[in-house]
Amino acid sequence: MTLVTAFFSIFLTPGEEIGWRGFMLTRLVEAKVPAPLLVSGLIWGLFHVPDILSGQYKPGGGPNIWLALALFFVSLVAFSYFLNWLRLRSGSIWPCILAHGAWNAVTQVGLNPLVHGANAQLWIGESGILVALVAVIVIVAFYRLWPLREMLRQPEQPIVNGEKA
């Protein structure tokens, strides 16, 4: 089921990825905005706030909407670092579209059946405590392994067909 959801998510995520990574992120980098990956992630997170507060989008997180919002925001900002890195490293939005679709499938469909009980969504799910914690830990480790600072100073040209574009 998660793979099917990931496949269909590929058709739902291009709009966000064209806007956030294809347009906004590249403009932030070109404008030499300090911490463009963080700024992009914060804006992406803020974009989702009205939908969550209005009840149009319910990412889980238990009965407390403010806790769900905070956890979702942390997860989203952390995940955006990875998507932003993919975009700048590859020179394409396609890896971002695939990763975003996979993220949606795993967090929205894959994790939910794993836990049961009154507070299950508080721990696992798109705005669960464990998801937010793991996202932050993975991104901190990722940042240490592949710092983007050098890439922002002298961006590498993406490799196309074995040659630099």
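Helix α7 (residues 129–145) is the biggest contributor to a nonpolar surface patch, supplying three residues. The patch covers about 390 Å² and is formed by Trp 123, Leu 130, Leu 133 and Ile 137. Keep in mind that this is a predicted model, in which local features need pLDDT of at least 70, side-chain atom pairs count only at pLDDT 80 or more, and totals for chains, interfaces and linings use all residues. Residues are numbered from 1 along each chain as its sequence is written, and side-chain values use heavy atoms, with hydrogens and water left out.

- A patch here is built from residues with over 30% relative accessible area and no salt bridge, joining like charges within 9 Å and nonpolar side chains (Val, Leu, Ile, Met, Phe, Trp, Tyr) within 5 Å.
- Accessible areas come from the Shrake-Rupley method with a 1.4 Å probe, and for residues only the protein chains shown count as cover.
- Ile 137, a member of the patch, lies in helix α7 and counts as exposed because its relative accessibility is 53%; exposed means over 50% relative accessible area, buried under 20%, and partly exposed in between (1.4 Å probe, protein chains only).
- With 17 residues, α7 reaches 24 Å from its first C-alpha to its last, close to the 24 Å expected at 1.5 Å a residue; the expected span is 1.5 Å times one less than the number of residues.
- The buried residues of α7 are Val 131, Ala 132, Ala 135, Ile 139 and Phe 142. They cover an arc of only 100° around the axis, so they sit on the same side of α7; the arc is that of the directions from the helix axis to the C-beta atoms.
- On the other side of α7, Ile 137, Arg 144 and Leu 145 are exposed.
- The partners of the buried residues of α7 are α4, α5 (94–110) and α6 (120–123), against which they pack.

**The chain as a whole**

- Eight helices and two strands make up the secondary structure of the chain, and the pattern along the sequence is α-α-α-α-α-α-α-α-β-β.
- Helices (H or I, at least four residues) and strands (E, at least two) are DSSP runs, numbered from the N terminus.
- Of the 165 residues in the chain, 40% are buried.
- The accessible surface of the chain is about 9,500 Å², and 70% of it belongs to carbon and sulfur atoms.
- Among contacts in the chain with a separation of 6 or more, 66% are between residues 24 or more positions apart; contact means heavy atoms within 4.5 Å.

- The side chains of Arg 21 and Glu 17 form a salt bridge at 2.7 Å, N to O, and both residues are buried.
- Arg 21 and Glu 17 are separated by about one helical turn because they are four residues apart in helix α2 (residues 14–30).
- An α-helix has 3.6 residues a turn, so residues three or four places apart point the same way.
- Thr 26 also lies in helix α2 and is buried, with a relative accessible area of 12%.
- Leaving aside neighbours within four places in sequence, Thr 26 is in contact with Arg 21 and Arg 87.

- Helix α4 (residues 65–90) has 26 residues and spans 36 Å from its first C-alpha to its last, close to the 38 Å expected at 1.5 Å a residue.
- Just after α4, Gly 91 has a positive phi of about 75°.
- Most residues other than glycine have a negative phi.
- Lys 32, in the loop between α2 and α3 (36–54), has a positive phi near 55° and is exposed, with a relative accessible area of 71%.
- Ala 35 is in the loop between α2 and α3, where its phi is also positive, near 50°; Ala 35 is partly exposed, with a relative accessible area of 44%.
- Gly 55 belongs to the loop between α3 and α4 and counts as partly exposed at 31% relative accessibility.
- Gly 55 and Ile 65 are ten residues apart along the chain, and their C-alpha atoms are separated by 9.0 Å.

Note on methods
A salt bridge is a side-chain nitrogen of Lys or Arg within 4 Å of a carboxyl oxygen of Asp or Glu.
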